[in-house]
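Here are my notes for a colleague who is meeting this structure for the first time. Please read them with the sequence and the model side by side.

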Amino acid sequence: MEKTAESAWPDELHALLSAAGVRQVAMVPDAGHARLIRLCEKDKSMRVVRLTTEEEGVALLAGAWLGGEKGVLLMQSSGVGNCINMLGLPLACQFPLLMLVTMRGDHGEFNPAQVPMGNATRAVLEALGVMVKRADSAADLMEMASGALRLAFNTFRPVALLIGQRLLGAKDFRKLARSAPL
Amino acid sequence: MSKLLRRREVVKALLAERGDLLVVGGLGAPAWDITHAGDHDLNFPLWGAMGGAAMLGLGLALAQPKKRVLVLTGDGEMLMGLGALATIAVQRPRNLAIVVLDNERYGETGMQETHTAHGVDLAGMARAAGFAQTLRVNTQAGVSRLRRLIYSGGGALFAQVKVDAEKLPLVLPPRDGSLLKNRFRAALLGADAAHQ
């Protein structure tokens with residue numbers, strides 16, 4: 001993907017994480033995070049930990065903090081559902097946890113299966129007591145990300161930043177189906 | 001068939017003269033076991049987070065590559081987070097040992113059988129995932145060998161220790177998560193950790 005004005009935010013997000021001293025980047029991939037993941041993989045000061053399910057990342061980053069390292073958890077909104085019980089760990093022990101969540105089932109979604117979890121993401125997190133912030137434009141994103149990061153690490157709590165599909169662009173399945181080889 | 005190992009004797013043997021070993025205890029019996037062996041600032045017993053003990057150990061091991069990290073957990077807890085075996089094997093931590101005290105039971109909820117009572121081979125799963133060292137332990141000699149491996153490194157280690165399904169008095173660690181976290185960090189990172 002070529003870097004354009006619209007897609008510069010992953011670079012800025014990477015720079016923010018790097019400046020904050022983030023060392024462990026736990027993730028289940030999402031298309032919306034693809035560029036950020038590549039940047040973190042190229043960064044020698046960061047360790048990208050591929051997970052089988054997002055809740056692994058919640059426990060991983062509690063261990064990282066116990067050992068004196070900061071981390072970030074990257075996931076798609078469907079992954080929030082996989083994390084729910086494990087989020088009791090940072091909540092009960094006051095571990096900082098920054099979750100950057102790219103939304104599905106949101107603005108312009110094509111796939112009905114993404115909608116139930118996507119639509120419930122904020123409510124489910126807030127029901128647990130996780131603080132939720134949201135950005136729907138590239139102009140908002142960096143300020144929201146910087147605020148979420150400081151909130152998480154300065155006040156020792158899990159904070160989720162939801163990155164809206166209006167910012168990311170909805171996946172066009174019809175186009176993908178047309179371009180698929182026969 | 002030799003007599004089954006007793007979990008608290010195994011844990012006591014593994015934690016004797018532990019030096020600066022960092023210890024994570026999975027919820028339930030393993031948390032009581034590590035506390036029975038002696039409550040310690042460098043213990044992090046879990047009161048919840050079922051399925052997360054091994055991953056917590058990985059995050060700690062990656063953050064502290066010069067220290068040895070031991071996760072002691074139960075078969076039910078490990079079964080809830082089997083994907084972690086793949087995630088850990090891919091990271092290849094040289095300083096992480098996962099030891100499952102396998103009594104083939106969910107001990108805290110009435111001793112119901114787990115999958116390991118029906119032949120599920122956790123050590124085999126860890127081997128297939130790519131752990132550098134995997135072993136099944138059911139003798140005292142095996143415990144001694146396991147202890148040497150925990151303290152000597154040589155790649156990610158997974159051990160399945162078959163233990164008796166005995167009911168034992170609970171030995172409770174502190175249960176304030178902030179206290180457990182802060183005392184661990186202070187012991188490991190120094191007093192400045194409170195200002196990170």
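This is a predicted model: local features need pLDDT of at least 70, side-chain atom pairs count only at pLDDT 80 or more; totals for chains, interfaces and linings use all residues.

1. In chain A, six strands form an open sheet in the order β2-β1-β3-β4-β6-β5, and their pairing is parallel. The strands β2 and β5 (131-135) of chain A lie at the edges and have a single partner strand each, so one side of each is left without a neighbour in the sheet. On average, and with direction ignored, neighbouring strands of this sheet are turned by 20° against each other.

2. Strand β3 (residues 70-76) of chain A deserves a separate look, because seven of its seven residues are buried, so that the strand is mostly covered. On one side of β3(A) are K70(A), V72(A), L74(A) and Q76(A), on the other G71(A), L73(A) and M75(A), and all of these are buried. In a regular strand the side chains alternate between the two faces of the sheet.

3. The partners of β3(A) can be followed on either hand. Strand β1 (residues 22-27) of chain A pairs with β3(A) in the parallel sense over five bridges, and V22(A) stands opposite K70(A) in β3(A). Four bridges join β3(A) to strand β4 (residues 97-102) of chain A, again with a parallel course, and here the bridge partner of L73(A) in β4(A) is M99(A).

4. In chain B, which residues of strand β4 (residues 96-102) point one way, and which the other way? L96(B), I98(B), V100(B) and D102(B) point one way from β4(B), while A97(B), V99(B) and L101(B) point the other way, and all are buried. With seven of its seven residues buried, β4(B) is therefore largely enclosed by the rest of the structure.

5. Two strands pair with β4(B) in the lines that follow. Strand β3 (residues 69-74) of chain B pairs with β4(B) in the parallel sense over six bridges, and L70(B) is found opposite A97(B) in β4(B). Strand β8 (residues 157-162) of chain B also pairs with β4(B) in the parallel sense over six bridges, with V161(B) in β8(B) as the bridge partner of L101(B).

6. Turning to the helices of chain B, the axes of helix α1 (residues 7-15) and helix α7 (residues 140-152) come within 9 Å and cross at roughly 35°, and this crossing of α1(B) and α7(B) is right-handed. On the α1(B) side, V10(B), A13(B) and L14(B) meet V143(B), L146(B), R147(B) and I150(B) of α7(B). By class, the residues of this contact divide into six nonpolar, no polar and one charged.

7. The axes of helix α3 (residues 53-63) and helix α5 (residues 83-91) of chain B also come within 9 Å, and they cross at roughly 15°, so α3(B) and α5(B) are roughly parallel to each other. Their crossing is left-handed. The contact is made by A54(B), M55(B), L58(B) and L62(B) of α3(B) with A84(B), T87(B), I88(B) and Q91(B) of α5(B), and its residues divide into six nonpolar, two polar and no charged.

8. Helix α5(B) has A84(B), L85(B), T87(B), I88(B) and A89(B) as buried residues. The buried residues of α5(B) pack against β2 and α3 of chain A, together with α3, β4 and α6 (122-129) of chain B. After α5(B) comes R92(B), whose phi is positive, near 50°.

9. The contact between the chains takes 26 residues from chain A and 29 residues from chain B. On the side of chain A that touches chain B, β2 (47-50), α3 (54-66) and α5 (88-93) of chain A each supply at least two residues, and the largest share, nine residues, comes from α3(A). By class, this side of chain A has 13 nonpolar, eight polar and five charged residues.

10. Leaving aside residues up to four places away in sequence, S178(B) touches C93(A) and Q94(A).

Definitions and conventions:
Residues are numbered from 1 along each chain as its sequence is written. Chains are lettered from A and ligands numbered from 1 in the order in which they are written. Two residues are in contact if their C-beta atoms, placed from the backbone, lie within 7 Å. Ala, Val, Leu, Ile, Met, Phe, Trp, Tyr, Cys and Pro count as nonpolar, Asp, Glu, Lys and Arg as charged, and the others, Gly among them, as polar. Axes are lines fitted to C-alpha atoms, for helices over the stretch in contact, and angles run from 0 to 180 degrees between N-to-C directions. A crossing is left-handed if the near helix is turned anticlockwise from the far one by less than a right angle, and right-handed if clockwise. A residue is buried if 20 or more other C-beta atoms lie within 10 Å of its own, exposed if 12 or fewer, and partly exposed in between; C-beta atoms are placed from the backbone. Two strands pair if DSSP finds at least two bridges between them. Angles under 35 degrees count as roughly parallel, over 145 as roughly antiparallel, 65 to 115 as roughly perpendicular and the rest as oblique.
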